[in-house]
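Welcome, and thanks for taking a look at this model with us. Please have the sequence and the 3D view open as you read.

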Amino acid sequence: MTALDLRNPGLRDIFRMGVRRVYAYRIFTYLGVVVILLQLLLMRAIWQAVYGDQQSVDGVPIETMVTFLTVTALLGFMLRPTISEEIHRRIDQGQVAVDMVRPVGFVRQMIALSVGEAAGRWLGLVLVVPGLLVIGSLAPPSPGALLVFLLSLIMAYVVSMLIWLLVGLSGFWLIDASGMKSIVGVVSSFLGGSTIPLWFMPEPLRIVVELLPFQAIYFLPASIYVEQAQGSGMWRALGIQAFWTVALWLVAAWTWRRAQNRLVVQGG
Amino acid sequence: MTLFSICWHNMLASVRGEMQYRASFIMSLIFGFLFQTVGFIFVAVILTRFEAVGGWGLWEVGVLYGIRLTAHGLWVVSVNQLFRFDQIVQEGEWDRFLIRPVPIWAQLMFTQFRIPPLGDLISGLFLLGIALPRVSIDWNAGLVVFLALAIIGGALIDGAFQLGSAAFAFRFLMTLPLRIVFDDLQGRFGSYPASIYDRPLRAFMTWIVPMAFMAWVPATVLLGRTAELPFPEWVAWASPMVGFALISGAVWLFVSQSRHYQSAGH
């Protein structure tokens, strides 16, 4: 498992395939956008009802809350479990045997494909983000916060990719890992603080969430965007993300070494 | 073989099939339960922090949430083949539905047993079991019957939308997006008293996509909150009828659309 190098022609083609795939099934991409917008509208209505007449709760104004939810919803759209779906499909159909004899490593192929898919998908945001800015769901950040947010977003992407890679690799043991994928999907968005920010969580739940890597995907980047994490809080957020990037990388590399000895090829 | 024993053997065979991948079977069950539990934990966390939403306390919302989830679970557990209905039409499998000597409704219900929906039903009942003793309700026989009818009525409202959307598969082949949107609306929106939303949203979910009748209206009857409804109390008592009316419409739509079926061939 080494870094992704797009100068490698094989990987470059796989990357392009990922980009094109988004637009081959574009109805699902558009549907994804519609669902996100709907979800945003509803979350906004619910939180406005929860806030009631109060303008600000625990020093968090309702506008900040709406922007926070918009950012986490967009993160949900951007950080998809493509890589685990792809690995599972290949294990399920026995395709993995062919993949593994290719001259570039299996994991690198999968990463190239899912990075390509993400690149294609992120293009779709060009349409959505300006709209959100106009209707006031997404307050523009200060230039400084935006810069740090972009750094944080990259780490969020890597952490999310590594988690989904691990889920994908679990397929080498489980064969049918769709249940595993669904569980991680639900757990990661809730325990990642995407629907309820950590500052509103009761103490025991917050402690659990802080021990898990999922906050690095949703809560930390979003709280940097809305500047709830500033100064030392911001550095702490980036530090946590960096820690999970390294830790999950090591776990994924270790898991992959073991997964190769567990290979079961189904069908033909 | 009687219809009953055919269905029974079908279900047993499909449970055995699901058990082939045991780890995945168990995980699907856990997922179904977890998915819904997390939904309620979201509500619970908000309500512990903010005490009440629109004047409703934690366990009152719990009752409402439980009614919706049980109703939804009841439908998806019983009519489980609609889930993959697009595929049934696309791949021409509907041909087989038409020639088998078993009624179509029985085939939609008993061809296969799916595990994840069971999680919805179990967590709905579980939530009702926890929430009902924690709110003050003057129970009497009428109210118990009303609750049972309301859950069945709610299942039929959910069903009417699922069946009604599936009907379009005969012409357009792809209806999954429609159903996802409805599921999403119902799950995220229908779990709160509609009184917390502003007027257009509330009107939308009462009169256009009447999911308010799935849980909010029955819950106001149970909890003695009918004063917050935009219509007289007797309408609320009649709310289970909404489900029966809607499902009749959906069945009619489904049957009339099925005439447009074009087999993909086998």
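## About the model

This is a predicted model, in which local features need pLDDT of at least 70 and side-chain atom pairs count only at pLDDT 80 or more, while totals for chains, interfaces and linings use all residues. Residues are numbered from 1 along each chain as its sequence is written, and chains are lettered from A and ligands numbered from 1 in the order in which they are written.

## Chain A as a whole

Chain A contains twelve helices and two strands; helices (H or I, at least four residues) and strands (E, at least two) are DSSP runs, numbered from the N terminus. Along the sequence the order is α-α-β-β-α-α-α-α-α-α-α-α-α-α. With a radius of gyration of 19 Å, close to the 18 Å of the globule rule for 268 residues, chain A is as compact as a globular protein of that length. Here the radius is taken over C-alpha atoms, and the rule is 2.2 Å times the number of residues to the power 0.38.

The C-alpha trace of chain A spans about 65 × 40 × 35 Å along its principal axes.

## A look at A:Trp122

Helix α6 (residues 106-123) of chain A holds A:Trp122. Is A:Trp122 buried or partly exposed? A:Trp122 has 14 other C-beta atoms within 10 Å, so it counts as partly exposed.

## Where the chains meet

In chain A, 26 residues are in contact with 28 residues of chain B (C-beta atoms, placed from the backbone, within 7 Å). The largest share of chain A's side, nine residues, comes from α2(A). By class, that side has 20 nonpolar, five polar and one charged residues. Nonpolar means Ala, Val, Leu, Ile, Met, Phe, Trp, Tyr, Cys and Pro, charged means Asp, Glu, Lys and Arg, and the others, Gly among them, are polar.

## A helix pair in chain B

Helix α8 (residues 141-167) and helix α14 (residues 240-258) of chain B pack at an angle of about 20°, with axes 7 Å apart. The contact of α8(B) with α14(B) has 20 nonpolar, seven polar and no charged residues.

Methods
Axes fitted to C-alpha atoms, helices over the stretch in contact; angles between N-to-C directions. Contact = placed C-beta atoms within 7 Å. Buried ≥ 20, exposed ≤ 12 C-beta atoms within 10 Å, placed from the backbone.
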